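This report describes one protein chain. The sequence and structure come first, and the text follows.

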Amino acid sequence: MVEKVLKGSPKYYLWLLFLLAIIGYAFIVYVFQLIYGLQMTGLTRNTSWGFYIAQFTYLVGVAAAAVMLVLPATFHHYHPYHRVIVFAEFLAIGAVIMCMLFIVVDMGQPQRVLNIILHPTPNSVMFWDATVLCGYLLLNAVIGWTSLEHESRHVAVPRWVKVLVVISIFWAFSIHTVTAFLYAGLPGRHYWLSAIMAARFLASAFCAGPSILLLSLLLLKRLTGFDPGKAVVKSLSITIAYAMGLNMFFYVLELFTAFYSGIPGHAHPIVFIFCGHEGLSVWLNGWMWFAVVLAFASIFLLAIPKYRNNMKILPWALVMLIIASWIDKGLGLLIGGFSPTPYETYEVYTPTFWEVSIGLGIFAVGALVITLLWKIALEMKREGGEPFELAE
């Protein structure tokens, strides 16, 4: 398989060099974090989670999104998805690897990860989160690789792989549910103390993750000529539209509960991330309103078939949805949860340049892993005789 990774155009090699350069820069910054500690970040005693955990949360949703293809293909025998399922599974592998790396850099010292293995604590939600993520990584690696190998030889996958596929469907729901429990199980954080938190996480995952996948497949078609098929694009975009609508509906439920019932503890974080507090402006306020505009614009374009089926408009709608969901889940969720503090004080958390630098390096690692896995998948599909269009 190594020879398939080494073959490519000059643009392919430039892309790999670009990712390696970012990874190298981020690693140097991380070495300084190891030396000087988490004081290089914007974290404080009252804000113990920040940019790293926010990205971890968002990427767990991206990893879980593969189920939106696997489930219809397995239980409803929707055959068009079989052509691109391996790309969804390889995307999940890259997302889980990024999740794990964000946890490692957030812990400060990487050897602390061994405490989860050497001193397991079943009463800790973090222990179960780490367990289900490792299991999901293994499932996708085995299923994706075995399925791709048998597909290239035009033979049916073994029965035990089909069993693992069914297990992975339920496992995908579990990884983001357990992540939601990390938040909803903290009684001192009113913004997270909601029974609908897990449902919100899953809804946002099932719109943002497939959006990233579909956008990547459209880009792949432009670069390599691999066409996922009109049926895949159409059905997946409809799924994204429904999931985004459900995601927005769940958020409106939170707004109603907070403001109509007049519960101060639930309303104050929402007011803070959108409007600040008593003259204390927050850099996040503008971002949150920007996310609202993008969310409504994306759902408008995706809900109307005329715009959703337009290949010039669809990518922009997907980009707007991805940005909107990332701002809400990758920034607003964390900051809103920590302000106000349990002491009813307000503290503005701002990620530092070094945090963002290390985060970019982790994203580059994920992009590198996905690029290499997708490269192998493309070459094996090409050798298997699947039709490719001429790249534009």
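## Loops, helices and salt bridges

Pro340 sits in the loop that connects H14 and H15. The peptide bond leading from Ser339 into Pro340 is cis, with omega near 5°. The model is a predicted one, in which local features need pLDDT of at least 70, side-chain atom pairs count only at pLDDT 80 or more, and totals for chains, interfaces and linings use all residues. Residues are numbered from 1 along each chain as its sequence is written, and side-chain values use heavy atoms, with hydrogens and water left out.

**Overall form.** The protein chain has 15 helices and 0 strands; these are DSSP runs numbered from the N terminus, with helices (H or I) of at least four residues and strands (E) of at least two. Its radius of gyration is 21 Å, close to the 21 Å that the globule rule gives for 392 residues, so the chain is as compact as a globular protein of that length. That radius is taken over C-alpha atoms, and the rule is 2.2 Å times the number of residues to the power 0.38. Along the principal axes, the C-alpha atoms of the chain fill a box of roughly 65 × 50 × 40 Å. Of the 392 residues, 51% count as buried (buried is under 20% relative accessible area, exposed over 50%, partly exposed in between, with a 1.4 Å probe and protein chains only). Among contacts with a separation of 6 or more, 79% involve residues 24 or more positions apart; a contact means heavy atoms within 4.5 Å.

**H2 against H15.** Helix H2 (residues 10-36) packs on helix H15 (residues 353-383) at an angle of about 145°, their axes being 8 Å apart. Axes are lines fitted to C-alpha atoms, for helices over the stretch in contact, and angles run from 0 to 180 degrees between N-to-C directions. The residues of this contact comprise 20 nonpolar, 4 polar and 1 charged. Here Ala, Val, Leu, Ile, Met, Phe, Trp, Tyr, Cys and Pro count as nonpolar, Asp, Glu, Lys and Arg as charged, and the others, Gly among them, as polar.

**Salt bridges.** The whole structure holds 4 salt bridges, each a side-chain nitrogen of Lys or Arg within 4 Å of a carboxyl oxygen of Asp or Glu.

| Asp328 | Arg200 | 3.7 Å |

Glu379 and Lys375 both belong to helix H15 and are 4 residues apart, about one turn of the helix. Both residues are buried. Asp328 is buried at 16% relative accessibility, and Arg200 is buried at 6%. Lys221 is partly exposed, with a relative accessible area of 28%.

Val67, Met68, Leu69, Val70 and Ala73 are buried in helix H4 (residues 67-75). The buried residues of H4 pack against helix H3 (51-64), helix H5 (85-106), helix H8 (159-184), H9 and helix H10 (230-260). His77 lies in the loop between H4 and H5. Although His77 is not a glycine, its phi is positive, about 55°. His77 is exposed, with a relative accessible area of 54%.
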